[in-house]
Amino acid sequence: MFYLSKIEHKLPLPPSRFVLPIREAIHMELEKLFLDKVIANLGLCISVYDIRSIDGGFIFPGDGAPTYTVVFNLIMFRPFEKEIITARLLSSDADGLRLTIGFFDDIYIPASRLPDPNHFVETEQKKRVFSGQESTTNSSSKKGVWYWDYNEQEYPIQDTDVIKFRVTNVSYPQIPVEQPKESKPFAPMLISGAMDDDGLGPVSWWFADEDEDE
Amino acid sequence: MTFQSQSILTSFKWLDWAQNTLRVKNLEGNASALTNFEVLDFLRAKGASKDPTRVIAKVAQSEYKVYDYLVDTAASVQTRESINEFLTSVK
């Protein structure tokens, strides 16, 4: 789930940082620049792990800040394919689930990768939509609850549950130059997951199962 | 359609543009893999567990979110001793 990534960067150090020791000043500037940001193909930056080397400190003509060449390690969040992660439900609609792990919210489980057989119950109209059927109204905006149908019982996927899912894909979409006003905010890193296997889904399902066996 | 690239660069978590503008040079993407325990240990060493107010310690809010997630995992009850003990027992 976490990796160290070694990066080299030319960093201009603003004069306001000169009062601090050079290493501390650069560390603070790196944190300001990279923390909680996504670097394409590397993942989400969690923290600056350490600084390996600091070179330079030249002041270029017309520039009021010295520029240092810094080699440092970042702690990156980048789950690998087939990794099992625990998360919580953020939202649920006819297209599938959106999960969160607190520091990262762009985790999507498409309806096709939910435990089968399943059905979706809309919150507003309480209208059932089975996985094989297409609903007549616009599906993307409808909120509701997904249920796994097993042994003539319905197992809901609710927002109180801790959910286990398997990572199927991590993608880094290109920045859109233009976006429609009503489109959802751009996500620089997307994790796609699956819950269509034994032991996956809300943890409560499987604990309940163990209790019954005993 | 509206032009939003400026707001995207400033408000969203994205550093792909940094490859050019900020001259980020990726020397080694997978320098090392870290376990949940190691990341939690690193955040604890920074002072994430010591400051209940979450304003005194030099830990960013985003780092606290990671800390909160890891505290709820098995990593929170592990120690270096217990891990070493496990490694020797499975040899």
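**Briefing: chains A and B of a predicted model**

In chain A, 63% of the contacts between residues at least 6 apart in sequence join residues at least 24 apart; a contact means heavy atoms within 4.5 Å. The model is predicted, so local features need pLDDT of at least 70, side-chain atom pairs count only at pLDDT 80 or more, and totals for chains, interfaces and linings use all residues. Residues are numbered from 1 along each chain as its sequence is written, chains are lettered from A in the order in which they are written, and side-chain values use heavy atoms, with hydrogens and water left out.

**Chain A**
- The secondary structure of chain A comprises two helices and 15 strands, where helices (H or I, at least four residues) and strands (E, at least two) are DSSP runs numbered from the N terminus.
- Of the 214 residues in chain A, 46% are buried, that is, under 20% relative accessible area, with exposed meaning over 50% and partly exposed in between (1.4 Å probe, protein chains only).
- The accessible surface of chain A is about 11,000 Å², and 51% of this belongs to carbon and sulfur atoms; such areas come from the Shrake-Rupley method with a 1.4 Å probe.

**Nonpolar cores**
- The largest nonpolar core has 48 residues, of which A:F2, A:F77, A:F103 and A:F165 touch the most other members; a nonpolar core is a set of buried Ala, Val, Leu, Ile, Met, Phe, Trp, Tyr and Cys residues joined through side-chain atoms within 4.5 Å.
- Another core, of 19 residues, lies apart from it and includes A:F34, A:V70, A:F72 and A:L74.
- Not counting residues up to four places away in sequence, A:F77 touches residues including A:F2, A:L42, A:F103 and A:M189.

**Chain B**
- Chain B has five helices and two strands, running β-α-α-β-α-α-α from the N terminus on.
- Buried residues account for 31% of the 91 residues in chain B.
- The accessible surface of chain B is about 5,800 Å², with 56% belonging to carbon and sulfur atoms.

**Helix α3 of chain B**
- Within helix α3 (residues 36-46) of chain B, the residues B:F37, B:V39, B:L40, B:F42 and B:L43 are buried.
- Their cover includes β1 (2-12), β3 (43-59) and β4 (66-77) of chain A, along with β2 (24-34), α4 (61-71) and α5 (80-89) of chain B.
- After α3(B) comes B:G47, which has a positive phi, near 110°.
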